[in-house]
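User: I want to go through this structure term by term. For each label, set the value against the rule.

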Amino acid sequence: MTFNDRFAYIPLFAIAVMAFAMLILLFISKKRSTARVSFTVFAADIIVLFASIIAGSMVLSGNESGTAMVFYGVSLTVAAFLVLPYCILLSTFEPKKIEKLVPKSYNERTEKAAETVQKLQEKTGELSEDEMAMLDINRDFMVHAAIAYDSDQGYNSFLDYINNTIKEQINADGAAIMMVDDFEDLISVKAFAGDFPPPYKLPSDLPHKPVRVSTSFKFASFPLQDNIFGEIAKNGRPELIDKPEIDDRIYQNGPEEFLECGSYIIVPLKVQDTVIGITAFARKNGTPKFTKTHLSMASTLTDFAAAIIKNVITVKDIIERSEMNKEAEIAMRIQNTLKPAKLPLVKGIQIGNIWNQADGVCGDYYDVIVSRKDRVSFIMSDIAGKGINSMTVMTMIRAMLRLVVNTTQSAGKILTWVNKGITSESFSTDHFGSVALINYNPVEKSMEISTGGIIPVYYLDGETKELTLISQSSDPIGVEKTSEYKDFVQNVKSGDIIFTYTDGIVEALNEDGAQYTTDKLLDLIKANSAKPCKELANIIKNDVKNFSGNANQHDDESLLIIKIQ
């Protein structure tokens, strides 16, 4: 091989140089820890280096064999296309980037979690004793809230616990929790403890004795204006009142010592921006006055209590609604069995009726009883309340009326007897009802009418179209045992109409919240009085339905129309 031929093998020597450079790069990568150097790559580079050296020595010595050429080709391919780019990549990586790509071991993650827990423990340890005590109180509030769901008196006991706890924490002489009644715009006392000199004007007829004043306070309600409790409930800002003698919102009842005002803290119970009640605390005159520290503590604990009380109220409402819905469903089924399956055919009169049940309500009951040749009894009743208790009262009234209308007693006397039966000592209930009893005598063409409560009975003269309200308001059935009910007699002729209804008809609401009204009903009856009774009832029913639209109704709708032929 000539000297010039040997120039063709210069690339082989370049491979040796390249392999040596790669070895240097691998050592750099190892030292800088930019990446983990693969043993395979390291070994491959050594092999390439030695192969290129061997092949080069063979060429220089004149032994250009096929083996040398094989070494040449393999070495060139490995070095140029595989090993060299890999080494350059490893040596140029930044260590920080590589660290992000390397996953942490399980032990590393565990150590990190332990460090986090330790930091939290250290942070908790920085809380003061007072702050730790408040956290304990908040925990106790939540524990007692869970108990409050389990019994009928649990809610009241829960409020008592909160009231007494905050009272003890700020060393108050008296404490009260009052809750807002959104429907009546009142704030009512729900929990009371200790000696609380009233900052409001006592009733003029209330004796100034500690027990009487305290008892009066326990059951008091206040409007949301013209008193300190209502004002703070309305404005939603806590207040410390340490100078009651110059505060024109505080009324000095005196001169008795126990009525002298000391200092007060009043804090709204707020959930988000809604005030659901207040906590109120008092110190008697002559004792150290409350300070801003006491106000801060009372405000913090009241804030704790507000959210928990709201949760208790919400859960109890859900439970009560569920129970009431079950009761109402049973009551409505019974109510359906009490109404007449169909109206009887009575010679000489037409009868029309409306009866629409409202969901969850069981209040209205009507009946038509043909008892004798000279008496047909029409009954319309509206029982206060809903559910099983109302159903019980309704069933008793129905049973008593069906029994005594067969007697010769007048309508007023019959209602008097029924009332005594409902209010007897053997039957205890806080429910009552309005009842209208109309006894029609087809022989004498007269209507004998008596009402207990507010159910109206109207007479429409068929000729003059003049409307007359016959009934008068009186004590409902089941309120006062000694109530006596009057009789009203109305002579009738062909074309005359007698009708009665419950307030669900005239108080039906439309989607704008407006009521159907009595005037609208009376005008409709007058305008369509010539029509048959059933048709007239359907006209009224459709008119009420069209007026109400898709609005939900909250009371039963009942109406009876009697037309003389």
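User: Which residues form one aromatic cluster?
Analyst: Phe192, Phe196, Tyr200, Phe217, Phe222, Phe229 and Tyr264. A caution on the source: this is a predicted model, where local features need pLDDT of at least 70, side-chain atom pairs count only at pLDDT 80 or more, and totals for chains, interfaces and linings use all residues. Residues are numbered from 1 along each chain as its sequence is written, and side-chain values use heavy atoms, with hydrogens and water left out.

User: What makes Phe196 and Phe217 an aromatic pair, and why is it edge-to-face?
Analyst: Rings of Phe, Tyr and Trp (its six-membered ring) pair if their centres lie within 6.5 Å; planes under 30 degrees apart count as stacked, over 60 as edge-to-face, the rest as tilted. Phe196 and Phe217 have 5.1 Å centre to centre and 75° between the planes. Both tests are passed, so the pair is edge-to-face. By this rule there are 16 aromatic pairs.

User: Which parts does that pair tie together?
Analyst: Phe196 lies in the loop between β2 and α8, and Phe217 in helix α8, so the pair links parts 21 residues apart in sequence. Helices (H or I, at least four residues) and strands (E, at least two) are DSSP runs, numbered from the N terminus.

User: Why is the pair of Phe217 and Phe222 edge-to-face?
Analyst: The ring centres of Phe217 and Phe222 are 6.3 Å apart and the planes stand at 80°, so this pair is edge-to-face.

User: Which residues of helix α9 are buried?
Analyst: In α9 (residues 228–235), Ile228, Phe229, Gly230, Ile232 and Ala233 are buried.

User: What caps the N-terminal end of α9?
Analyst: Asn227 does, with a side-chain oxygen 3.2 Å from the backbone nitrogen of Phe229. After α9 comes Gly236, with a positive phi near 75°.

User: In what order do the strands of the sheet run?
Analyst: The order is β3-β2-β1-β6-β5-β4, an open sheet with antiparallel pairing. β3 (221–223) and β4 (239–241) stand at the edges; each has a single partner strand, so one side of each lacks a neighbour in the sheet.

How values were computed:
Two strands pair if DSSP finds at least two bridges between them. Buried means under 20% relative accessible area, exposed over 50%, partly exposed in between (1.4 Å probe, protein chains only). A polar contact is a pair of N or O atoms within 3.5 Å; within protein, one must be able to donate a hydrogen and the other to accept it, and residues adjacent in sequence count only if both atoms are side-chain atoms.
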